Amino acid sequence: MNYQRFFDEAIDQLHAERRYRVFADLERIAGAFPRAIWRADGTAKEIVVWCSNDYLGMGQHPDVVAAMRNTASRMGSGAGGTRNISGTNHPLVELELELADLHGKEAALVFTSGFVSNEASISTIARLLPDCLVLSDELNHASMIEGVRRSGAEKKIFRHNDMAHLESLLRAAGRERAKLIVFESVYSMDGDIAPIAAIADLAERYNAMTYIDEVHAVGMYGERGGGITEREGLAERIDVIEGTLAKAFGTLGGYIAGARSVVDAVRSYAPGFIFTTALPPAIAGAATASIRHLKRSQAERRKHQRQAQRTKDVLDEAGLPVMLSQTHIVPLLVGDPELCKRASDRLLTVHGIYIQPINYPTVPRGTERLRITPTPFHGDALINGLRDALMETWQTLGIPFQGSEAPPVVRSDRVVPLIVAKSGG
């Protein structure tokens, strides 16, 4: 049997469907973010990154870099083992205390990535609950879907942010059955926000447990960076809050925060936690420094909100098809996988602007897009340069502008305020 043939055919299929991913070889420049060196075909070129998840540029913050350097010099590069076998380093213990405090929870648990934290936690929680029914938003991240699948529990998918549909599923399950509602606060491809208060209301009414993914919101929203749940005063009404250290906090890792009993059960039963080498102390130290800084400082969040809104306004005024977004995510509709890839390639090679194309299956067919993520370091001149480059690319490739024959696009909404009064006003 020619085993290689099956792998070649699988890759050929991705090429035929215009879904084959090409990675850009980038070298970030500390102190010059969002600029980076792009290497291709033996050449090196300075470019501007417009799709980084380092939303606040904390990956280059002097306090964060210093904490990583100092911790590594004291404790070495690796953790040295799993959490159970010599890997529970003191910076990691401090990090978990910091995260529990960030969300006002009894305990927190750190994983090696946000994907692992979702997959391991959801699967373990649902597996430990007797005859658990998992109710999952249809647009949940792949890591959450995998967690639900691995749990072996029965699942029901509710239409995105559709509270009437969710309530009908909860009502049919009955109050006595164990139920786990899993959803996100900020959905990263569209930039919309879940109706968290309404979900919490339904969970209380029908006796369900709640699990929220805040990876695109922690550090970004709330008075101390606790995410949308903090901003809206809802953290205490959510049973488990999951987040990442790899986006706004600028480092690496994922985590959950919740009641001590829930966190301890995941710690004790989740294979994805038990059998994985612990996060290195240098990364834990850097993450703690980043969280502590963003608990105190509003400057990064305020500037970020301003630049995200300016990006939306400038692109919208130019007639570019900016999709509706309630947050810092700026999706730009292309609507065709081939054009999306060509647009991304042209922006990089001709204009020195890197925006990765987002195609199926990450988004539905016909909604292929460029996902733009402004940061506090994307100044007005860079925003204007982005607009000009996009205009030239759209015109050259014949991509529809607003008002052209293309899938309907809602003009961009205002960025949701950084902090909202908790009185319900």
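Two strands are said to pair if DSSP finds at least two bridges between them. Helices (H or I, at least four residues) and strands (E, at least two) are DSSP runs, numbered from the N terminus. The model is predicted, so local features need pLDDT of at least 70 and side-chain atom pairs count only at pLDDT 80 or more, while totals for chains, interfaces and linings use all residues. Residues are numbered from 1 along each chain as its sequence is written, and side-chain values use heavy atoms, with hydrogens and water left out.

**View 1. Strands β10 and β11 pair in the parallel sense.** Strand β10 covers residues 209–213 and strand β11 covers residues 240–244; three bridges link them. Asp213 stands opposite Glu242 of β11. Helix α8 (residues 196–205) packs on the sheet and touches β7 and β10; contact here means heavy atoms within 4.5 Å. The direction of α8 makes about 175° with that of β7. For such angles, axes are lines fitted to C-alpha atoms, for helices over the stretch in contact, and the values run from 0 to 180 degrees between N-to-C directions.

**View 2. Seven strands form an open sheet with mixed pairing.** The order of the strands is β4-β12-β11-β10-β7-β5-β6. Strands β4 and β6 (154–158) stand at the edges with a single partner strand each, so one side of each has no neighbour in the sheet. From one strand to the next, the twist averages 20°. Strands of a sheet pair through backbone hydrogen bonds, in either the parallel or the antiparallel sense. Helix α7 (residues 163–173) lies across β5 (133–137), β6 and β7 (179–184), and runs at about 155° to β6.

View 3. Buried means under 20% relative accessible area, exposed means over 50%, and partly exposed lies in between (1.4 Å probe, protein chains only). Which residues cover the two faces of β4? Ala107, Leu109 and Phe111 lie on one side, Ala108 and Val110 lie on the other, and all are buried. Strand β4 pairs with β12 (residues 254–258) in the antiparallel sense over five bridges. Within this pairing, Ala107 stands opposite Gly258 of β12.

**View 4. The second largest pocket has a volume of about 350 Å³.** On a 1 Å grid over the protein atoms alone, a pocket is an open set of points with protein on both sides within 12 Å along at least five of seven lines, whereas a cavity is a set of points where a 1.4 Å probe fits but cannot get out; lining residues have an atom within 4 Å of a point. Grid points are joined across faces, edges and corners, and a volume is the space filled by probe spheres set on the points. Of the 18 residues that line this second largest pocket, Arg83, Glu96, Ala108, Leu109 and Arg267 are the closest to its centre. The elements that give two or more residues to the lining are α3 (83–87), α4, β4, α10 (260–269) and α11 (271–274). Helix α10 gives the most, with five residues. The lining divides into nine nonpolar, three polar and six charged residues. Ala, Val, Leu, Ile, Met, Phe, Trp, Tyr, Cys and Pro count as nonpolar, Asp, Glu, Lys and Arg as charged, and the others, Gly among them, as polar.

**View 5. Val93 is found in helix α4 (residues 90–103).** Its relative accessibility is 30%, so Val93 counts as partly exposed. Val93 and Pro281 are 188 residues apart in sequence, and their C-alpha atoms are 9.7 Å apart in space.

**View 6. Three strands form an open sheet with antiparallel pairing.** The order is β13-β16-β15. Strands β13 (330–333) and β15 (357–358) stand at the edges, each with a single partner strand, so one side of each is left without a neighbour in the sheet. Two bridges join β15 to β16 (residues 369–372), and Leu370 of β16 is the bridge partner of Pro357. Helix α14 (residues 337–351) lies across β15 and β16, at about 45° to β16. Helix α15 (residues 380–397) packs on the sheet, touching β13 and β16, and its direction makes about 175° with that of β16. In the loop between β15 and β16 lies Pro361; the peptide bond from Tyr360 to Pro361 is cis, with omega near 10°.
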